Amino acid sequence: MKKVKFSYKFPSIISVFLLAIIGCGSSNNRASFKTNLANTDTINSGMKDFYLDYFPIGASIAPRSLNDQESRLIKKEFNSVTLEYLLQLKHVYKEPGYYDFEAADKLIDFAKDNNLKVRGHSLCWHDQVPEWYIKDKSGNILNREQLLARHKNHVETMVNRYKNTIYAWDVVNEAISNEPKEYIEKSPFQQIIGDDYIAKMFEYANQSDPSAKLFYNDNNYINPKKRKKIIRLVNALKKSNIPIHGIGIQGHWSIYGPTEKELRETLDDITKLGLEIQITELDVSLHPKNNKEREKKALLLLKGNPNQEELQAKQYEMIFSVLREYKKYITGVTFWNVSDYYSWMDKPSIKHRPLLFDEDFKRKDVYFRVIDFK
Ligand code: GLA
């Protein structure tokens, strides 16, 4: 196969196109595909360019992302960002009546300066709420009307502030219970307001910015029982004409799952809802989620399991080829964190290495598998 060398003179989009048609094919071609790509490394083309005809490619960012190496990588590879935690209620709404947007605004400015789309995460997640939020000045638990008023004020504050920047919000996060027999999680929000706190949040968000895309975001869609409950919730919202536009599938996965069949079944079920779909928090750990199993498997890794990286590459390859097939429904794929330098899952004893870039912010082999559209 003819090798093509790219120079600075090539506009990146042409390089991307040529690479797509030249670099694909049998596994023998993979090495030359990778070499060709390595030659383009200095050109400003990245994952976002390879996926231009599919969906925006995002990453979650935090203050550390503004450092030289990470910010350079983000600008090159991604065209969308989500603030990892800085827009969560407890991080901005620090005390009654006092919001602190300083840290979040720095990241929002970075996104604006670099033309990155911004997803808002999240307006309502019971896990990220300080004690005082559900209490009055005397420490008494708020009643339904009081808590709804507080929610409304919070949603208005957030959505109005970022109206011209944030195009999509995860309005409610993880409201469905992971307990098989429970429907909506019995969080303080559910217990004080009732199940309809979810619908109310969507209404408040829509009133504040009618043009924002409003998402319900959750995990464990791969589990058919959990998925059924999410579908039940979304259908109920739609039936009541609640403004909901998208489904956020978090996608904290691993080399042990999901299988291709499970992923397809999940997407087939979710597409039937007729809403946009985004993969909002993608990572593929080298370890299973369950701690006990993780320790067992991690030991295998320590002993030097040569298959681990290959399994990750295969898993990512499978995930992205399936996602490309569903591009009609998918309006964004966002990785949770940027490179293996930092993953939210890491512990001092265990690195999960779940992303496409290594600890030195360099493309891993798996990266080339994800942009190799066979
Ligand atoms: C969930 C949340 C995110 C984040 C991750 C872990 O998936 O939606 O906000 O907290 O867990 O970092």
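Trainee: What should I keep in mind about the model before reading it?

Mentor: The model is predicted, so that local features need pLDDT of at least 70 and side-chain atom pairs count only at pLDDT 80 or more, while totals for chains, interfaces and linings use all residues. Residues are numbered from 1 along each chain as its sequence is written, and side-chain values use heavy atoms, with hydrogens and water left out.

Trainee: Which residues are around the ligand?

Mentor: A residue is near a molecule if one of its heavy atoms lies within 4 Å of it. Here the residues around the ligand include Gln88, His121, Trp125, Glu281 and Trp344.

Trainee: Which side chain has an N or O atom 2.4 Å from an oxygen atom of the ligand?

Mentor: A polar contact is a pair of N or O atoms within 3.5 Å. The side chain of Glu281 has an N or O atom 2.4 Å from a ligand oxygen, the corresponding distance for the side chain of Gln250 is 2.8 Å, and a polar side-chain atom of His252 lies 3.1 Å from a ligand oxygen.

Trainee: Is Val118 buried or exposed?

Mentor: Buried means under 20% relative accessible area, exposed over 50%, and partly exposed in between, using a 1.4 Å probe and protein chains only. Val118 counts as buried because its relative accessibility is 1%, whereas Trp344 is partly exposed, with a relative accessible area of 36%.

Trainee: How far apart are the C-alpha atoms of Val118 and Thr165?

Mentor: They are separated by 6.5 Å, although Val118 and Thr165 are 47 residues apart along the chain.

Key. Polar contact = N/O pair within 3.5 Å; in protein donor to acceptor, adjacent residues only side chain to side chain.
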